[in-house]
Amino acid sequence: MILSCHDIKKSFGEHVIVENGSFHIEEHEKAALVGINGAGKSTLLKMIVGELSCDSGSITLTKGKTLGYLSQHQELTSGNTIYEEVRAAKASLIEMEARIRAIEVELKDLSGKALEERLNTYHNLTNTFELLDGYSYKSKITGVLKGLGFSEDEFNKQVDTLSGGQKTRVALGKLLLTKPDVLLLDEPTNHLDLNSITWLETFLLNYFGAILIVSHDRYFLNRVVTKVIEIELGVLSVFSGSYTDYSQKKKMLREARLKEYLNQQQEIKHQEAVIEKLRSFNREKSIKRAESREKMLAKLTPIEKPAQVHADIRLKLEPSIVSGQDVLSVEHLSKSFPPRTLFQDASFEIKRGEHAAVIGDNGTGKTTLLKILNQVLPADQGTFTLGTNVKIGYYDQEHHVLHMDKTIFEEISDDYPSLNNTQIRKTLAAFLFTGDEVFKQISSLSGGERGRVSLAKLMLSEANFLILDEPTNHLDIASKEILEQALNDYTGTVLYVSHDRYFINQTATRILELTGHTFVNYIGNYDYYLEKKDELTGVYAAKALSGSRTASSTDVSSGKSKQNWLEQKEEQAKQRKRQNDLKKTEERIGLLEERDNEIDALMTKEEIYTNSVKCQELAAEKGAIAKELEILYEQWEELAE
C-alpha cells in the first residue's frame with residue numbers, strides 16, 4: 001500500500017463532500033475516482049496533496065514516496081519556452097550530465113591519486129546517470145511533447161502566451177517526465193485530441209508508479225484503470241475492475257437495493273392495511289393482534305431508498321417533421337486559413353437517420369466544417385445542399401448561438417414566444433435551472449451551464465437534423481449517458497464532432513475521419529473504425545455501401561480506389577522498413593550498452609585505473625559510446641512511435 005485515506009471527512013458549511021470515507025492505493029495500481037459534477041472529486045485530490053485539509057480522518061503516503069498532481073487549471077508564467085518548461089523536470093539529470101562532461105575534460109590533465117579519485121567520482125556519476133536513463137532524457141522530452149500533440153515548431157513558443165488548454169498539456173508533460181511514485185491526474189484528457197489520448201493511455205499503462213485519475217472519459221478509464229473509487233452523496237465506495245465492470249456492478253447493486261426497498265415498502269403497506277382492518281373489527285382479540293403486528297413493524301429496520309443522483313440533463317429529442325431521404329450533400333468543399341489548408345475538394349452525403357461522427361486531430365478543421373454548414377463561416381470553394389424539409393438544430397461548443405446579455409429565461413422565451421412561464425420553467429428545471437437561477441445572465445454562466453442552456457434550446461427546436469460540436473464537453477458521466485440515450489432514441493439525423501470515444505462508440509453509425517485534408521468514411525462505430533483504420537477504407541466503404549440506404553459519395557470512394565491502393569502499399573512498405581530499422585537500432589544499442597558495461601568493469605581493475613593512458617582511452621571510448629547511444633535512443637523513440 002502506497003497511499004491510504006482513512007475515515008476522512010470534509011464539509012463546506014452544510015454541504016458534505018465526504019463522510020467517514022476510506023480507500024487505499026497499492027503500489028503500481030491504477031485507479032479512477034468517479035462521481036457527478038460537484039460530488040467532490042477535485043476536492044478529494046486537493047486533500048491528498050495537502051492543498052485542503054480534512055475536517056477529520058487521516059491521509060497517509062508511504063515514507064519516501066513522492067506525489068505528483070495535475071490540476072484542471074494551470075497558471076504557467078515562468079517566461080520559459082514549452083521545451084524549457086518541460087525540460088525543467090530533468091533538472092537533476094541535466095546538472096549530473098554537466099558534471100560528467102566537466103570531469104571528462106579534467107581527466108586528461110590528472111594523474112596518480114587525483115586521477116583515481118576523479119575516476120571514482122566519474123564512475124559513480126555515470127552509473128547513476130545510466131540507471132536514471134540519463135542518456136535518453138532528451139528523446140523522452142521530445143517524445144512526450146509530441147505525444148501530447150505539440151509539433152517541433154511549437155517547442156520554442158513562450159508558455160506565457162499559451163491558451164489554458166495548451167498550458168495544461170505542458171504541465172502534464174512536465175509531470176509525466178518527473179515520474180512521481182503516485183500520479184494524481186484531474187481530467188488529463190481534456191484538451192487532447194484522439195491520437196494524444198491514445199498515446200497517454202499507452203504511457204500510463206506502462207507507468208511504473210501508482211495512478212489515481214479523475215476523468216469523464218469512459219473509454220480512457222476502461223483502457224487504463226483496474227479499480228474504481230466512487231464518491232456519491234458523501235459516500236466513498238470501491239469497485240474492482242474496469243469502468244465497465246464498475247458500471248455493471250453499480251447498476252446491479254442499485255437495482256437490488258431498489259427491489260429490496262420496494263419489497264419492504266410493499267410489506268409495510270400490507271401490514272398497515274391489515275392492522276387498520278383488525279382495529280376496525282373492534283374486537284379485543286383483533287385489537288391485540290393489531291398491536292402485536294404494530295410492535296413487529298416498530299422493530300423493523302427500515303431500508304433507505306437508493307439515492308437518485310441528479311443527472312445534469314433529462315433529454316428527449318423529437319423531430320417536428322420528417323425530412324427527405326437526402327439530408328445533406330457536400331460537393332468539392334475546400335477551406336484554408338493561409339498558409340494552412342484544412343480540407344480540400346471534400347465530398348460526402350448524409351442520409352436520413354444516420355448518426356455520423358466527425359473525428360480527427362486538433363486543428364484539422366472539424367469545427368470549421370460545422371460552422372460552414374451552419375453558415376457561420378463561408379467555404380473557399382465548393383457547395384453544400386440541404387434536402388427537402390430539413391430543419392437544422394445547431395449546438396455550438398463556443399455557444400455563439402447564445403446571447404450573452406440575456407438571462408437564461410429570456411434566452412428561451414425570446415426564441416420560443418409561444419411558451420408560457422410554466423412551460424419555460426419546466427423545461428429549464430429539466431436541465432437543473434430552478435428558482436432564481438433562471439434569471440442568471442448567460443455571460444455569468446460556466447461552460448457547463450451554458451452547455452445545458454444550449455441543449456435546452458436544442459430540445460425545444462424540434463429539429464430533424466442535429467449538428468453538434470463537442471456536445472459532451474463539461475458534462476459528467478451520468479449526463480453523457482442520458483444524452484447518449486436521447487440521441488439513440490432520436491429518429492432524425494445527427495452530424496457531430498466529438499473527442500469522446502465512448503460517446504462515439506455508443507451513438508455513431510458512421511464515422512468521417514478528417515485526415516490529410518480529406519474525409520475518410522467508415523460505416524460503423526468507433527471500435528469498427530479502430531479495426532479498419534489501417535485498411536483501404538475507400539474500397540471497403542464503396543463495397544459496404546453498395547445498394548444500402550446509407551450510401552454516400554465520400555472523397556475516397558471508387559474514383560480514387562486505385563490511387564489509395566497504391567498509397568496503402570507504399571505505406572506498408574514504409575512500415576516494414578521502419579520495423580527493420582527498429583530491430584537494427586535495438587541490436588546496435590544492445591552492443592554499445594554491453595561495451596559500456598565492459599568499460600565500467602575494466603576501470604575497476606588496478607592495472608587499468610593505475611594506467612593513465614589506458615584510462616583516458618577508455619574514457620574517450622565511453623564518451624563516444626554515450627554520444628552514439630544518445631542519437632540511437634532518439635532514433636529508437638521515433639521508430640517505436
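# Briefing: a hairpin, ring pairs and salt bridges

Strands E1 and E2 form a hairpin with 2 residues between them, and glycine 13 in the turn has a positive phi of about 65 degrees. Welcome to a predicted model, in which local features need pLDDT of at least 70 and side-chain atom pairs count only at pLDDT 80 or more, while totals for chains, interfaces and linings use all residues. Residues are numbered from 1 along each chain as its sequence is written, and side-chain values use heavy atoms, with hydrogens and water left out. Helices (H or I, at least four residues) and strands (E, at least two) are DSSP runs, numbered from the N terminus.

- Strand E1 covers residues 3-12 and strand E2 residues 15-25; they pair in the antiparallel sense over 7 bridges (two strands pair if DSSP finds at least two bridges between them).

**Salt bridges**

- The whole structure holds 38 salt bridges, each being a side-chain nitrogen of Lys or Arg within 4 Å of a carboxyl oxygen of Asp or Glu.
- Lysine 10 and aspartate 55 meet through their side chains in one of them, at 3.8 Å from N to O.
- This pair links distant parts of the chain, 45 residues apart: lysine 10 is in strand E1, and aspartate 55 is in the loop between helix H1 (41-49) and strand E4 (56-61).
- Lysine 10 is buried at 8% relative accessibility, whereas aspartate 55 is partly exposed at 44% (buried means under 20% relative accessible area, exposed over 50%, partly exposed in between, with a 1.4 Å probe and protein chains only).
- Another salt bridge joins lysine 250 to glutamate 230, with the closest N and O atoms 3.0 Å apart.
- Here too the pair links distant parts of the chain: lysine 250 is in helix H9 (residues 243-281) and glutamate 230 in strand E8 (residues 227-232), 20 residues apart.
- Lysine 250 is buried, with a relative accessible area of 17%, and glutamate 230 is buried with 4%.
- Arginine 595 and glutamate 598 form a salt bridge whose closest N and O atoms are 3.2 Å apart.
- Both arginine 595 and glutamate 598 lie in helix H19 (residues 561-602), 3 residues apart, about one turn of the helix.
- Arginine 595 is partly exposed at 26%, and glutamate 598 is partly exposed at 38%.
- Shared partners join Glu201, Asp217, Arg223 and Arg501 into one salt-bridge network.

**Aromatic rings**

- There are 14 aromatic pairs in the structure; rings of Phe, Tyr and Trp (its six-membered ring) pair if their centres lie within 6.5 Å, and planes under 30 degrees apart count as stacked, over 60 as edge-to-face and the rest as tilted.
- Tyrosine 219 and tyrosine 526 make an edge-to-face pair, 5.4 Å centre to centre with 85 degrees between the planes.
- Tyrosine 219 lies in helix H8 (residues 218-224) and tyrosine 526 in helix H17 (residues 526-532), so the pair ties together parts that are 307 residues apart in sequence.
- Tyrosine 219 is buried at 13% relative accessibility, and tyrosine 526 is buried at 3%.
- Trp199, Phe203, Tyr207 and Phe208 form one aromatic cluster.

**Charges over rings**

- Arginine 169 lies over the face of phenylalanine 150, 4.3 Å from the ring centre (a charge sits over a ring if NZ of Lys or CZ of Arg is within 6 Å of the ring centre and within 35 degrees of the ring normal).
- The charged end of arginine 452 sits over the ring of phenylalanine 433, at 4.5 Å from its centre.

**Helix packing**

- Helix H12 (residues 408-415) has Ile408, Phe409, Glu411, Ile412 and Ser413 buried.
- Those buried residues of H12 pack against helix H13 (421-429) and helix H14 (447-461), where contact means heavy atoms within 4.5 Å.

**Cysteines**

- A search of the whole structure finds 0 disulfides, a disulfide being a pair of cysteine sulfur atoms within 2.5 Å.
- Cysteine 54 is in no disulfide, and its nearest cysteine sulfur, that of cysteine 5, is 7.2 Å away.
- Cysteine 54 is partly exposed at 22% relative accessibility, while cysteine 615 is buried at 3%.
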